[in-house]
Amino acid sequence: SHTALRQALRAAAATAASRGADAFYHVDLPAVLSRVERWREALPRVDPYYAVKCNPDAELLATLAAAGVGFDCASQAEMAAVTALGVHPTRIVYANPCKPPAHLAYAAHAGIRLHAFAWEGELEKTAQLAPRAQLLLRIAVDDAKAQCALSNKYGAAMHEVPAVLATAERPGLPVRGGSFPPG
């Protein structure tokens with residue numbers, strides 16, 4: 001009921017205040033699961049991948065993992081958090097377009113083979129440290145009207161795609177598809 005929810009939120013706010021916290025948030029896990037189900041009904045052939053950096057709350061990640069959602073991880077810590085939940089490496093994309101070598105080595109060791117990349121400079125490093133990687137080319141999209149524009153940060157412009165794909169062939173890293181930031 002709405003009354004019970006309001007009381008629970010007031011209690012949580014009071015607890016947060018007593019601990020010196022300035023803010024807290026409430027995650028409606030049943031609503032999250034409802035949205036996952038709506039996604040699957042609308043796009044049955046498209047697997048969703050949750051960007052862990054949006055909200056790495058352990059309960060949220062566990063709920064999504066149990067629902068079979070994949071994960072978009074940008075760091076070793078995010079990959080470790082998701083694999084600790086028992087998520088199979090095939091359900092994880094290492095999506096950081098500028099990967100630190102230690103994080104690449106961690107991904108390779110953990111069996112996380114699907115890696116997003118946005119530029120040719122990442123290919124040699126990936127071939128050396130994660131030679132079994134499979135790639136997703138991050139494409140720059142026109143997201144000027146998006147709430148959070150991300151293509152201005154990373155992504156290959158459409159006119160660059162053929163050259164980037166040709167470069168990926170040289171170290172023998174298979175490109176399985178594309179990705180884009182849905183900012």
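## Packing of α2 against α3

The axes of α2 and α3 come within 10 Å of each other and cross at roughly 35°. This crossing of α2 and α3 is right-handed. On the α2 side, the contact is made by L29, V32, L33 and V36; α3 contributes E59, L60, T63 and L64. The model described here is predicted.

## The largest nonpolar core

The largest nonpolar core holds 31 residues. Within this core, the members that touch the most others are Y50, L64, F71, C73, V82, F117 and L137. At least two core residues are supplied by each of the helices α2 (29–42), α3 (58–66), α4 (76–83), α5 (101–110) and α7 (161–169), and likewise by each of the strands β2 (70–73), β3 (92–94) and β5 (134–138). The largest share, 4 residues, comes from α3.

Another core, of 5 residues, lies apart from the largest one. Its members include V93, A95, L114 and L136.

## Aromatic rings

The structure holds 0 aromatic pairs. One ring, that of Y94, has the charged end of K99 sitting over it, 5.3 Å from the ring centre.

Note on methods. Residues are numbered from 1 along each chain as its sequence is written. This is a predicted model: local features need pLDDT of at least 70, side-chain atom pairs count only at pLDDT 80 or more; totals for chains, interfaces and linings use all residues. Side-chain values use heavy atoms; hydrogens and water are left out. A nonpolar core is a set of buried Ala, Val, Leu, Ile, Met, Phe, Trp, Tyr and Cys residues joined through side-chain atoms within 4.5 Å. Buried means under 20% relative accessible area, exposed over 50%, partly exposed in between (1.4 Å probe, protein chains only). Rings of Phe, Tyr and Trp (its six-membered ring) pair if their centres lie within 6.5 Å; planes under 30 degrees apart count as stacked, over 60 as edge-to-face and the rest as tilted. A charge sits over a ring if NZ of Lys or CZ of Arg is within 6 Å of the ring centre and within 35 degrees of the ring normal. Axes are lines fitted to C-alpha atoms, for helices over the stretch in contact, and angles run from 0 to 180 degrees between N-to-C directions. A crossing is left-handed if the near helix is turned anticlockwise from the far one by less than a right angle, and right-handed if clockwise. Contact means heavy atoms within 4.5 Å.
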